[in-house]
Amino acid sequence: MDRKELKKANGDVFFEAWRMPEELFIRVNWIGIQTLETVVMGGNQLLAMLREKPCRGILNSNRELIGPWESAVPYMAYKWAPTAEILGLKYFAHVLSPGIFGQRSYEVFNQQLKGQLRTRAFEMEDQAMEWLNRHLD
C-alpha cells in the first residue's frame with residue numbers, strides 16, 4: 001500500500017492518502033481544521049501521486065474534517081481540478097463532513113468546477129466506494 005501522510009507544524013496529521021492494491025482509486029482523508037495552506041499541500045500531494053501512477057478516481061473523505069475550507073475553493077476548482085483532469089482523473093467521490101460548514105464548502109467547490117470532473121457527494125464512505133467501483137470497472 002502506497003500511503004502518504006502530511007502534518008502541521010505542531011505535528012498533527014491533517015491529510016492522509018493511500019492506494020489499496022485491489023482498488024482503482026486513491027483514498028483521501030482530511031483531518032481537523034483545514035486552511036488554504038494545508039489544502040494546497042494536500043492537493044499537491046495528490047497531484048504528485050497522480051503523476052507517479054495515474055488513476056481515474058479519488059475517494060475524498062471529509063468525515064474527520066472540522067469547519068469550512070472555502071478559502072481553498074478557488075485553488076481546488078481553478079488550479080487543482082484542471083491539473084488532476086489533465087493527469088487522467090475523471091471521478092471525484094466526496095464523503096461529506098458531519099458539520100454544515102464543511103458541507104457548504106463542498107457545495108461552493110462543486111458549483112465552481114463547471115463540470116470538469118464527475119463529482120458526487122455521499123454521506124457514507126461505502127456508498128462512495130460503490131459509486132467509484134461502478135464507474136472504474
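Helices (H or I, at least four residues) and strands (E, at least two) are DSSP runs, numbered from the N terminus. The model is predicted: local features need pLDDT of at least 70, side-chain atom pairs count only at pLDDT 80 or more, and totals for chains, interfaces and linings use all residues. Residues are numbered from 1 along each chain as its sequence is written, and side-chain values use heavy atoms, with hydrogens and water left out.

**View 1. The loop around S71.** S71 lies in the loop that joins β4 to α2. Leaving aside residues up to four places away in sequence, S71 touches T35 and L36, contact being heavy atoms within 4.5 Å. K4 is 67 residues from S71 along the chain, and their C-alpha atoms are separated by 24 Å.

**View 2. The open sheet.** Six strands form an open sheet in the order β1-β2-β3-β4-β5-β6, with mixed pairing; two strands pair if DSSP finds at least two bridges between them. β1 (2-7) and β6 (118-122) each have a single partner strand, so one side of each edge strand is left without a neighbour in the sheet. On average, neighbouring strands are turned by 15 degrees against each other, direction ignored. Axes are lines fitted to C-alpha atoms, for helices over the stretch in contact, and angles run from 0 to 180 degrees between N-to-C directions.

**View 3. β5, β6 and helix α3.** Strand β5 (residues 91-95) pairs with β6 in the parallel sense over five bridges. F92 stands opposite T119 of β6. Packed on the sheet, helix α3 (residues 100-113) touches β4, β5 and β6, and its direction makes about 165 degrees with that of β6.

**View 4. Helix α1 on the sheet.** Helix α1 (residues 36-52) lies across β1, β2 (13-19), β3 (25-33) and β4 (57-66), at about 15 degrees to β2. Its buried residues include V39, G42, G43, L46 and L50, where buried means under 20% relative accessible area with a 1.4 Å probe, protein chains only. Their cover includes β1, β2, β3, β4 and α2 (73-86).

**View 5. The largest cavity.** The largest cavity has a volume of about 110 Å³. On a 1 Å grid over the protein atoms alone, a cavity is a set of points where a 1.4 Å probe fits but cannot get out, and lining residues have an atom within 4 Å of a point. Grid points are joined across faces, edges and corners, and the volume is the space filled by probe spheres set on the points. Among the lining residues are W30, N60, W69, M76 and F92. β4 gives the largest share of this lining, three residues.

Note on methods:
Buried means under 20% relative accessible area, exposed over 50%, partly exposed in between (1.4 Å probe, protein chains only). On a 1 Å grid over the protein atoms alone, a cavity is a set of points where a 1.4 Å probe fits but cannot get out, and a pocket is an open set with protein on both sides within 12 Å along at least five of seven lines; lining residues have an atom within 4 Å of a point.
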